[in-house]
Amino acid sequence: MKYSNIPSAHSVVHHCKVKGIENIVISPGSRNAPLTIGFSENPFFTCYSIVDERCAAFFALGLAQQSQTPTALVCTSGSALLNYYPAIAEAFYSNIPLVVISADRPSYKIDIGDGQTIRQNDVFKNHIAYSAILKQDCMHATDAYVAHANPVIRTSEELESAQLKIQTFNDTEIHKAIDTSLIDSKPVHINIPFEEPLYGVVEREVVIPFTGFEVVEEEYQKTDFNDFVPVWNQSTKKMVLVGALPPKSIEQQFLDELAEDDSVIVFTETTSNLHHPEFFTSIDSIIAPIEKSENFASLFEKLQPQVLLTFGGLIVSKKIKAFLRKFQPKHHWHVSVNTANDTFFCLSHHFKLDPNVFFGSFLEGTKMIESTYHAHWREVKKKYESKRLEYLQDVRFSDMLVFDKIVKEIPSGYQLQLANSSTVRYAQLFDIDISVKVFCNRGTSGIDGSTSTAIGASLIEKSPTLLITGDLSFFYDSNALWNDYMRSDFRIIVINNSGGGIFRILPGVSNTENFERYFETTHKMNASYLCEMYHLDYSSATDEEQLLEELKTFYAPSERPKLLEIATPRLLNNKILLSYFDFIS
């Protein structure tokens, strides 16, 4: 086995192995050669080569999203590092662990006009949990080090002493960074200056003097529920709102208890992966008809909870956010070991607990009380479900009809990755089979990186993966297809409405040339040429009959990944969606 002869590079590889970080995503470069050698030559690691750093970072995000363990990213110096930023921000707000490892020039080569050099220290400081800025080794490229960094060193003893201090500092920083990512489920950054030569190797592992420490998980705080249980027990209107969660993350017995309480309504989003017949899965189908009602204020007051209990990640529905900000609950409690977002401007308490730990203790002291809260809104739910079915029977071919058809045909047990903007919002309106595991990058809600994330995620999840994406999101991230890791059972559905269709739903829509160019960004592209270039099987549909025919064989086993492109009418989609909310009202 080969090891880099640069001590700091060797240390990083060593610590990643000790901490159990197996997946390493490497983008090609020269300055990161010591790291690439160390990781790729060690059979403990599974290394992936992704050229485009922005795609590489989202690819790593997908790996970490599914494994729920840190994935390491390795890149060269300069602007390569900056391309990681979108995925780092997403990981930060979605609580996904990434260990970003960047090679850098020595400090004396920064801001002197040296090529491929920028100020890399603390470059992600606003969206990183820990930043480790390592020191340059003095035992490697010693002449350059003494000439530029520390001319005071004159003897071999002084050199060895200086290297020991550098080694101890670097090992401590690496340890802190990786442990922070492990414990907090956040991205961290390790920046390492390397002087040339970069490709030197040794055949035997260097003895690393740093012993390290064990990862100490933060113990859950003992919480006294005495001030909260009486409030819960006395409230006749309690709302539980659940954001993004990994599948099977909440014990079913707790969900059953919440569902059986007449004073509780549970709103879940598609990305929450929580299921119960008594839960409310299409939040906007409840809120939208109230918005359109003449007596909307009294109806919203009827829905307004006295207690709002939230857990899980960020919320997709803009309507529920607008409602709860205006009709605020008296008490808003959030349950999470991580950040408690004051999304509705009325957060009153943060239970810094795992939801299962919280419910295991809290529900023991609660009791069910008489209330019409759940029963009333259950009848509203039944009404909109019936009206939705009626509406879809006669609706013209459009984004909405397409979602109805494709959601029904997703095979049992699939992993479903959703792109952002209209894609995830349409998915919120439909019931998805409870065996399907749903994910979406909702930390920053950007359209960038959805395809890259889905491909990375598919390599961890044993069942096949389907990505449903809009055209802009797909074309924006087309370099995601530039890799050798797509499984033959990977499936992509691109809904191509020739632009950013969601802008036609938002306030301010107009049919001017400026709107179409700068907001909707209309285009005439299709995915067939990309599929030819990247060796994906391609099919398309432009009407309901073609769509149903293509779906018959779309999930059948194949030698290559498949992409189905569905063309929908750009000028009709928004009218059909808005008419749906009118119809169920």
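## Thr521 and its loop

In this predicted model, Thr521 is found in the loop that runs between helix 19 (513-518) and helix 20 (528-534). The residue is partly exposed, since its relative accessible area is 30%, a value that falls between the 20% limit for buried and the 50% limit for exposed. Thr521 and Asp184 are 337 residues apart along the chain, and their C-alpha atoms are separated by 39 Å.

Six strands make up an open sheet, in which the pairing is parallel and the strands follow the order 3-2-4-5-7-6. At the edges stand strand 3 (46-49) and strand 6 (130-133), each of which pairs on one side only. On average, and with direction ignored, neighbouring strands of this sheet are turned by 20° against each other. In general, the strands of a sheet pair through backbone hydrogen bonds, in either a parallel or an antiparallel way.

The pairing of strand 2 (residues 23-26) with strand 3 can be followed in detail, for the two run parallel and are joined by four bridges. Within this pairing, Ile24 has Cys47 of strand 3 as its bridge partner.

## Helices beside the sheet

Helix 2 (residues 33-40) packs on the sheet, where it touches strand 2, strand 3, strand 4 (71-75), strand 5 (98-104) and strand 7 (187-193). The direction of helix 2 makes about 145° with that of strand 2. Helix 7 (residues 156-184), for its part, lies across strand 5, strand 6 and strand 7, and runs at about 160° to strand 6.

## A covered helix

Helix 15 (residues 399-408) is mostly covered, with nine of its ten residues buried.

## Salt bridges

Across the whole structure, a search finds 18 salt bridges. As a general point, side chains of opposite charge can pair when their charged atoms come close.

Asp582 belongs to helix 22 (residues 573-584) and Lys292 to helix 10 (residues 283-292), so the pair ties together parts that are 290 residues apart in sequence. Asp582 is partly exposed at 45% relative accessibility, and Lys292 is likewise partly exposed at 42%. The side chains of Asp537 and Arg560 also meet in a salt bridge, at 2.8 Å from N to O. This pair links distant parts of the chain, 23 residues apart, with Asp537 in strand 18 (residues 537-541) and Arg560 in the loop between helix 21 (544-554) and strand 19 (562-567). Asp537 counts as partly exposed at 26% relative accessibility, as does Arg560 at 35%.

Terms used:
Residues are numbered from 1 along each chain as its sequence is written. This is a predicted model: local features need pLDDT of at least 70, side-chain atom pairs count only at pLDDT 80 or more; totals for chains, interfaces and linings use all residues. Side-chain values use heavy atoms; hydrogens and water are left out. Buried means under 20% relative accessible area, exposed over 50%, partly exposed in between (1.4 Å probe, protein chains only). Two strands pair if DSSP finds at least two bridges between them. Axes are lines fitted to C-alpha atoms, for helices over the stretch in contact, and angles run from 0 to 180 degrees between N-to-C directions. Contact means heavy atoms within 4.5 Å. A salt bridge is a side-chain nitrogen of Lys or Arg within 4 Å of a carboxyl oxygen of Asp or Glu.
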